[in-house]
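Thank you all for coming; please have a look at the sequence and the model on the screen, and then I will take you through a few places in turn.

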Amino acid sequence: MAEDDDEIILSELSDEDLVQQMMDDLYDGLRDEIEEGVNILLGRGWAPYDVLTRALVAGMTIVGHDFRDGILFVPEVLLAANAMKGGMAILKPLLAETGAPRMGKMVIGTVKGDIHDIGKNLVSMMMEGAGFEVIDLGINNAVEKYLEAIAREEADILGMSALLTTTMPYMKVVIDTMKEQGIRDDYIVLVGGAPLNEEFGRAIGADAYCRDAAVAVETAKDFIQRKHNQLAASQ
Ligand code: B1M
């Protein structure tokens, strides 16, 4: 078979062109190419966090816009998500390798009826990278699963993710059940996901809404620090 003259050799591209090519490859759901691109950037000394945000998250944002505008459909978006996961799997151990002291424990999951997990996975990775122990419950979690896990794991933080306007109200079901059981104040409750905002977080009784994974890490650190200060003051 004749060689394709136009074949792109990723390793020969400049950083800027490679990132652009990776966005195209993510859009096309090319997992092998994404994994190769991630490894090339890491090999060139890029910080794992920069690879994640500047190539993968930025690329997924474009996918999101075209999904919204009816240019991409579910099968294509699934392929893009799969490619993103390939890249994230390489970055995960590197982001976790900070040697940071254990900060606290978080149970996190996507709420019932919702199968979006890319953002949640990103939050998990970043939290682990910041020194938190993370118990990831996956997708489609009913209230019982959350409550059983936070009790079993003696978690400090409950994190919930929702990407659909139809599933985000379920976060209130979880928080209300915690209130009914008298355990609401035993945990820091953080919520996130594209359709949420601060006002929604306040309205459902969460401790905080986190716009993105970096904010989730900072917010979690902040609340854990406050918890430690309160404990110290009460002794
Ligand atoms: Co879905 N989908 N999807 N989808 N999907 C959205 C969410 C949508 C906005 C697309 C659109 O129309 N523009 C739209 C929702 C509209 C609405 O609710 N008003 C939508 C729809 C409609 C649907 C279906 C109903 C489509 C259908 O079947 N007709 C269906 C629903 C299935 C279900 O859940 N029951 C569906 C299915 C899918 C796929 C399976 C194809 C795929 C998911 C694959 C997967 O996750 N494994 C998918 C995808 C990929 C998307 C978009 C394109 C991208 C989401 C994503 O991964 N973003 C999305 C469009 C968009 O959001 N722009 C869309 C990248 C990720 C890094 O960002 O998840 O926001 P995000 O996470 C951020 C922050 O939000 C925050 O930090 C993360 C990292 O910075 N964060 C948290 C998230 N969770 C947090 C938890 C925390 C803290 C912070 O806890 C402490």
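Predicted model: local features only at pLDDT ≥ 70, side-chain atom pairs only at ≥ 80, totals over all residues.

His 116 sits in the loop that runs between strand S1 (104-110) and helix H5 (118-129), where helices (H or I, at least four residues) and strands (E, at least two) are DSSP runs, numbered from the N terminus. Residues are numbered from 1 along each chain as its sequence is written, and side-chain values use heavy atoms, with hydrogens and water left out.

The NE2 atom of His 116 is the single donor that the protein gives to the cobalt atom of the ligand, and it is 2.2 Å away. Donors here are N, O and S atoms within 2.8 Å of the metal (3.2 Å for Na, K and Ca), and since water is not among the atoms, sites may look incomplete.

If we leave aside its neighbours within four places in sequence, Ser 124 is in contact with Ile 108, Val 134 and Asp 136, contact meaning heavy atoms within 4.5 Å.

Let me turn to how helices pack. Helix H2 (residues 31-43) and helix H3 (residues 48-68) pack at an angle of about 135°, with their axes 10 Å apart; the axes are lines fitted to C-alpha atoms, for helices over the stretch in contact, and angles run from 0 to 180 degrees between N-to-C directions. H2 and H3 are therefore oblique to each other, given that angles under 35 degrees count as roughly parallel, over 145 as roughly antiparallel, 65 to 115 as roughly perpendicular and the rest as oblique.

On the H2 side, Ile 34, Val 38, Leu 41 and Leu 42 meet Pro 48, Val 51, Ala 55 and Leu 56 of H3.

Helix H1 (residues 15-27) also packs with H3, at an angle of about 45° and with the axes 9 Å apart, which makes H1 oblique to H3.

Finally, Asp 222 lies in helix H9 (residues 213-233), and with a relative accessible area of 41% Asp 222 is partly exposed.

Notes
Buried < 20%, exposed > 50% of the residue type's maximum accessible area, 1.4 Å probe, protein only.
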